[in-house]
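Here is a friendly briefing to read alongside the coordinates. Have the viewer open and follow the topics in order.

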Amino acid sequence: MVVDARGLRCPLPVIRLAAAARDLPAGTLVTVLSTDPAARHDVPAWARMRGHTTVGEDGEAQGAGGATTWSITVRLGTSA
């Protein structure tokens, strides 16, 4: 499952992630795409508080002078 939160500012990437995770089973991998650098801290913090695990993070610059898109993957625990 991918949550595309590019162009959205804090706290919207986490809000979109939480909404997507609500109905998904434990063990599901959810990847958040965000151009907001705060998501690099907010998504893992949300995951820890909810009993989920951050399993990956990657950043990729989009063209010359473009914003970096962060890809943060969370494995959902039992408290989605």
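Two helices and four strands make up the secondary structure of this protein, and from the N terminus on they follow the order β-α-β-α-β-β. Please keep in mind that you are looking at a predicted model. The notes below go from the overall fold to the core, then to the helix pair, and then to a few individual residues.

**Overall dimensions**

- The radius of gyration is 12 Å, which agrees with the value near 12 Å that a compact globule of 80 residues would have.
- Taken along the principal axes, the box filled by the C-alpha atoms is roughly 40 × 20 × 20 Å.
- Of the 80 residues in the protein, 34% are buried.
- If you take the contacts between residues at least 6 apart in sequence, 65% of them join residues at least 24 apart.

**The nonpolar core**

- How many residues does the largest nonpolar core have? There are 16 residues in this core, and L17, V43, W46 and V74 are those with the most contacts inside it.
- Two or more residues of this core come from each of helix 1 (12-21), strand 2 (29-34), helix 2 (39-50) and strand 4 (68-75).
- Helix 2 gives the most, with four residues.
- Leaving out residues up to four places away in sequence, L17 touches V3, V30, V32, V43 and W46.
- As background, nonpolar side chains in soluble globular proteins tend to be buried together.

**How the two helices pack**

- Two packed helices are described by the angle between their axes and the distance between the axes.
- Here, the axes of helix 1 and helix 2 come within 9 Å and cross at roughly 35°.
- The crossing of helix 1 past helix 2 is right-handed.
- On the helix 1 side, P13, V14, L17, A18 and A21 make the contact, and they meet A39, D42, V43 and W46 of helix 2.
- By residue type, this contact divides into eight nonpolar, no polar and one charged.

- D42 lies in helix 2 and takes part in the contact with helix 1.
- Is D42 buried, partly exposed or exposed? D42 is partly exposed, because its relative accessible area is 27%, and the partly exposed class lies between under 20% for buried and over 50% for exposed.
- Setting aside neighbours within four places in sequence, D42 is in contact with C10 and V14.
- D42 and V14 are 28 residues apart in sequence, yet their C-alpha atoms are 6.9 Å apart in space.
- For comparison, most peptide bonds are trans.
- P11 itself lies in the loop between strand 1 (2-4) and helix 1.

**T73, a buried strand residue**

- T73 has its place in strand 4.
- With a relative accessible area of 15%, T73 is buried.
- Not counting residues up to four places away in sequence, T73 touches L29, V30, T31, T53, T54, V55 and G56.

- M1 is found in the segment before strand 1.
- M1 counts as partly exposed, at 49% relative accessibility.
- Which residues does M1 touch, not counting those up to four places away in sequence? They are A20, L24, L29, V30 and T31.
- M1 and L24 are 23 residues apart in sequence, and the distance between their C-alpha atoms is 9.3 Å.
- L29, V30 and T31 are touched by M1, and these residues are also among the contacts of T73.

**D23 in a loop**

- D23 lies in the loop between helix 1 and strand 2.
- D23 is exposed, with a relative accessible area of 70%.
- D23 and S71 are 48 residues apart in sequence and 21 Å apart in space, C-alpha to C-alpha.

Note on methods: Residues numbered from 1 in each chain as written. Heavy atoms only, no water. Core = buried A, V, L, I, M, F, W, Y, C linked by side-chain atoms within 4.5 Å. Buried < 20%, exposed > 50% of the residue type's maximum accessible area, 1.4 Å probe, protein only. Contact = heavy atoms within 4.5 Å. Axes fitted to C-alpha atoms, helices over the stretch in contact; angles between N-to-C directions. Left-handed = near helix turned anticlockwise from the far one by under 90°. Nonpolar A, V, L, I, M, F, W, Y, C, P; charged D, E, K, R; others polar. Rg over C-alpha atoms; globule rule 2.2 N^0.38 Å.
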